[in-house]
Amino acid sequence: SRPSALGGAGGTPVRDAGAPDAEGLDAEIADAEVVPDAEVVPDAEVVPDAAVPDEPFSFFVTSLAAIQDLSGSPDGFGGDLGGVAGADRICQTIAEGVGQGHKTWRAFISAADGGDGQPVHAIERVGDGPWFDANGRLIAQDVAGLLGDRPDGDPQAINDLPDEYGVPISALGDAHDVITGSNRRGRLSSDDPAATCNNWTSSVTPPGRVQIMCGHSFPRSARSGVSWLSDHPLRGCAPGINLIQNGPGVGDCIGCSGGYGGLYCFALTP
C-alpha cells in the first residue's frame, strides 16, 4: 500500500531519524554534567553592628560656628541657654551633627537652680570617664583627672581643648573663655542667680558687679590664666563675640573678654 502522509505503511508513525526517543532523552538528561554548588560565589559575610567598635569620642568645646547656627545669631546665645536643660540640648544637638548623637551629652555647667529648686554642680553631671576628644586623644581618665588647672590627659589635647571636629579653639584667635559658672572644684561658684545669668535663662546683664565664672580652653600664658575650670568672671550676659586679644575687653557681653559663649560638652560614656 501507499505510505500515509503521516506515517509509514499501514499508518505506523515514523520517528525522525535525528530525534532521540523518550528513553534516549532520559539517558541524556541523566548523563548531563551537573555544575556543583561550590562554583556559586557565596554572599559576603555580614558583620553585625555590635561587632564594630564604637569611637571613644566623649568631649568637645562647642565651636563658634555651631553656637552661631543653633542660636540663629552671629553673636550667639549670650547667657540665655534655655537653662541647664537647654545647655544640654546644645551639646546633644552638636554631637548629633558629627555622628555622636547615640550618646548622652551634658554641658559642664553649674547653676543655682537646675529647674527643681536644687543647685547644679558641673562636676557631678558628666559621668565617670574616661573622656576623649574627636581625635581619640585622652582628655582625662576620671573625675579626679579633671580637677587640676588642666585635665591630666594628652598634653596636645588638654593645652588647647578642641571643638567637635577636633580643631583647637585657639585657631579662632583669642577665644579661650568658656562658660562654666563653677569654681576650681567644678562646683557652683555662687548661689546668687545673677552669677549664672539667672540660671542660664537671661541675656540681660544684671546691675552691679557680677561673677559669671568661665574657664580657659587654652592658657592665657604659661603662668596665668591656665584654669580650664574657673579662671575669671565674664563681663556680662549679653550675646557677643570678641576674638581679639585686648586684655580684659570692653562691654557687657558674654564673649567680650575673649570668647563667644562656648560650652564644654561631655558624653556620659565614652
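Helices (H or I, at least four residues) and strands (E, at least two) are DSSP runs, numbered from the N terminus. This is a predicted model, in which local features need pLDDT of at least 70 and side-chain atom pairs count only at pLDDT 80 or more, whereas totals for chains, interfaces and linings use all residues. Residues are numbered from 1 along each chain as its sequence is written, and side-chain values use heavy atoms, with hydrogens and water left out. The protein chain has five helices and eight strands, and a search of the whole structure finds three disulfides.

**Overall fold and confidence**

- Along the sequence, the elements of the protein chain follow the pattern α-β-α-α-β-β-β-α-β-α-β-β-β.
- The average pLDDT (the predictor's confidence in each residue, from 0 to 100) of the protein chain is 85, and 79% of the residues score at least 70.
- Residues 1–30 have a pLDDT below 50, and this stretch has nine contacts in the model beyond near neighbours in sequence; a contact means heavy atoms within 4.5 Å.
- Of the contacts in the protein chain with a separation of 6 or more, 62% are between residues 24 or more positions apart.
- Of the 270 residues in the protein chain, 44% are buried; buried means under 20% relative accessible area, exposed over 50%, and partly exposed in between (1.4 Å probe, protein chains only).
- The protein chain has an accessible surface of about 13700 Å², and carbon and sulfur atoms contribute 53% of this; the areas come from the Shrake-Rupley method with a 1.4 Å probe, and for residues only the protein chains shown count as cover.

**Helix H2**

- Helix H2 covers residues 64–71, and its buried residues are Leu 64, Ala 66 and Ile 67.
- Seen down the axis of H2, these buried residues fall within an arc of 165°, so they line one face of the helix; the arc is that of the directions from the helix axis to the C-beta atoms.
- Ala 65 and Asp 69, on the other side of H2, are exposed.
- The partners against which the buried residues of H2 pack are helix H3 (83–97) and E8.
- Gly 72 follows H2 and has a positive phi, near 75°.

**Disulfides**

- A disulfide is a pair of cysteine sulfur atoms within 2.5 Å; with the bonded cysteines of the protein chain numbered in sequence order, the pairing is 1-6, 2-3, 4-5.
- The sulfur atoms of Cys 91 and Cys 265 are 2.0 Å apart and form a disulfide. This pair links distant parts of the chain, with Cys 91 in helix H3 and Cys 265 in strand E8, 174 residues apart.
- The torsion about the S-S bond of Cys 91 and Cys 265 is about -75°, so this disulfide is left-handed. Cys 91 is buried at 0% relative accessibility, and Cys 265 is buried with a relative accessible area of 0%.
- Cys 197 and Cys 237 are joined by a disulfide with an S to S distance of 2.1 Å. Cys 197 lies in helix H5 (residues 197–200) and Cys 237 in the loop between strand E7 (232–233) and E8, so the pair ties together parts that are 40 residues apart in sequence.
- The disulfide of Cys 197 and Cys 237 is left-handed because the torsion about its S-S bond is about -95°. Cys 197 is buried at 1% relative accessibility, and Cys 237 is buried at 0%.
- Cys 253 and Cys 256 form a disulfide (S to S 2.0 Å), and with 120° about the S-S bond this link is right-handed. Cys 253 is buried with a relative accessible area of 7%, and Cys 256 is buried at 9%.

**Aromatic pairs**

- Rings of Phe, Tyr and Trp (its six-membered ring) pair if their centres lie within 6.5 Å; planes under 30 degrees apart count as stacked, over 60 as edge-to-face and the rest as tilted.
- The count by this rule is 11 aromatic pairs.
- The rings of Trp 131 and Phe 266 have centres 5.4 Å apart and planes at 85°, so this pair is edge-to-face.
- Trp 131 in strand E3 (residues 131–132) and Phe 266 in strand E8 (residues 259–267) are 135 residues apart, and their pair links distant parts of the chain.
- Trp 131 and Phe 266 are both buried.
- One aromatic cluster is formed by Phe 59, Phe 108, Trp 131, Trp 228, Tyr 264 and Phe 266.
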